[in-house]
Amino acid sequence: MNERILRDGCEAVALSGDLSGPASSRTVEFWTAFAGRPTARAWYRAHNGSVVAACLEHRDLAEAENEAERFFMNVVLCRVLYTHALVAAPRISLGWLRPLGPFLGDPRLGVIGVFLQLSRILPDEYPLTAGARFYLGDERGFGRLLDYGMIAPRLQQLYEWSAHELEAPGLPDCVRDGGLTYAWPFEERDVWQPPRSFPVRMARRLVPPERSG
């Protein structure tokens, strides 16, 4: 993913300068569009377009990773898609709280780091050695509320909208029946089931996903 972001971004910089010729991919075009009009939505489309393209093109490499690595790939992917939707599709991401979406998701503000922070549960060593459920036991507070209270009930809508926004028709194949399935077996979907948590239950009740029109 990092390589794809760097390559697409560098090509976009070159095309915005003296390099002539067409972009090598649609994701490069997203970056050149951001360079021409640097809005929050354009930045997310460029960044997430590169991330999703890399995920889909190299799914075989992801499937070769261990359980914990594959688990966190799914967590990171759904979170970056969700933060994009905060800006560009707040009705999907926040329901009746949608007026807050553009502020909470603005990549220029420090608030967005809260949504993407995983350092509290990831160790300093790589590769990860424990199973996914070990790290799940360490997730507390806002991370658990975000993943299970806000994102999980919206997964299907979120991935379908992102597929359209990023022109990535293969993205909906990464979610099924409320479970994340990118390099993850559907039969082990129990890790995506909500924990017995009062804050999670309240979030699901107070901010339910809106029906798609």
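Which residues in helix 1 meet which residues in helix 2? In this predicted model, Arg 4, Ile 5, Asp 8, Gly 9, Glu 11, Ala 12, Leu 15 and Ser 16 in helix 1 meet Thr 27, Val 28, Trp 31, Thr 32 and Ala 35 in helix 2.

**The chain as a whole**

The protein chain has 213 residues, of which buried residues make up 46%. Its secondary structure comes to 12 helices and 2 strands. Read from the N terminus, the order of elements is α-α-α-α-α-α-α-α-α-α-α-β-β-α. The accessible surface of the chain comes to about 11,400 Å², and carbon and sulfur atoms account for 56% of that surface. Among contacts between residues at least 6 apart in sequence, 65% join residues at least 24 apart.

**Two helix pairs**

Two packed helices are described by the angle between their axes and the distance between the axes. Helix 1 covers residues 2–16 and helix 2 covers residues 26–36. The crossing of helix 1 and helix 2 is right-handed.

A second pair is formed by helix 5 (residues 67–88) and helix 11, which pack at an angle of about 75 degrees with their axes 10 Å apart. Because angles of 65 to 115 degrees count as roughly perpendicular, helix 5 is roughly perpendicular to helix 11. On the side of helix 5, the contact is made by Asn 74, Leu 77, Cys 78, Leu 81, Tyr 82, His 84, Ala 85 and Ala 88. Helix 11 contributes Leu 155, Leu 158, Tyr 159, Trp 161, Ser 162 and Glu 165. The residues of this contact divide into 10 nonpolar, 3 polar and 1 charged.

**Helix 11 and what follows**

Helix 11 spans residues 155–165 and is mostly covered, with 8 of its 11 residues buried. The buried residues are Leu 155, Gln 157, Leu 158, Tyr 159, Trp 161, Ser 162, Ala 163 and Glu 165. After helix 11 comes Glu 167, whose phi is positive. Glu 167 lies in the loop between helix 11 and strand 1 (175–176).

Most residues other than glycine have a negative phi. Glu 167 has a positive phi although it is not a glycine, and Asp 177 likewise has a positive phi without being a glycine. Asp 177 lies in the loop between strand 1 and strand 2 (179–180). The table sets out the values for these residues.

| Residue | Phi | Relative accessible area |
|---|---|---|
| Glu 167 | about 55 degrees | 42% (partly exposed) |
| Asp 177 | about 50 degrees | 62% (exposed) |

**A buried glycine**

Is Gly 105 buried or exposed? Gly 105 is buried, with a relative accessible area of 0%. This residue is found in helix 7 (residues 101–105). Gly 105 and Val 80 are 25 residues apart in sequence, and the distance between them in space is 10.0 Å, C-alpha to C-alpha.

Note on methods. Residues numbered from 1 in each chain as written. Predicted model: local features only at pLDDT ≥ 70, side-chain atom pairs only at ≥ 80, totals over all residues. Heavy atoms only, no water. Axes fitted to C-alpha atoms, helices over the stretch in contact; angles between N-to-C directions. Helix = DSSP H or I, 4+ residues; strand = E, 2+ residues; numbered from the N terminus. Left-handed = near helix turned anticlockwise from the far one by under 90°. Contact = heavy atoms within 4.5 Å. Buried < 20%, exposed > 50% of the residue type's maximum accessible area, 1.4 Å probe, protein only. Areas by Shrake-Rupley, 256 points an atom, 1.4 Å probe, with all protein chains shown as cover. Parallel < 35°, antiparallel > 145°, perpendicular 65-115°, else oblique. Nonpolar A, V, L, I, M, F, W, Y, C, P; charged D, E, K, R; others polar.
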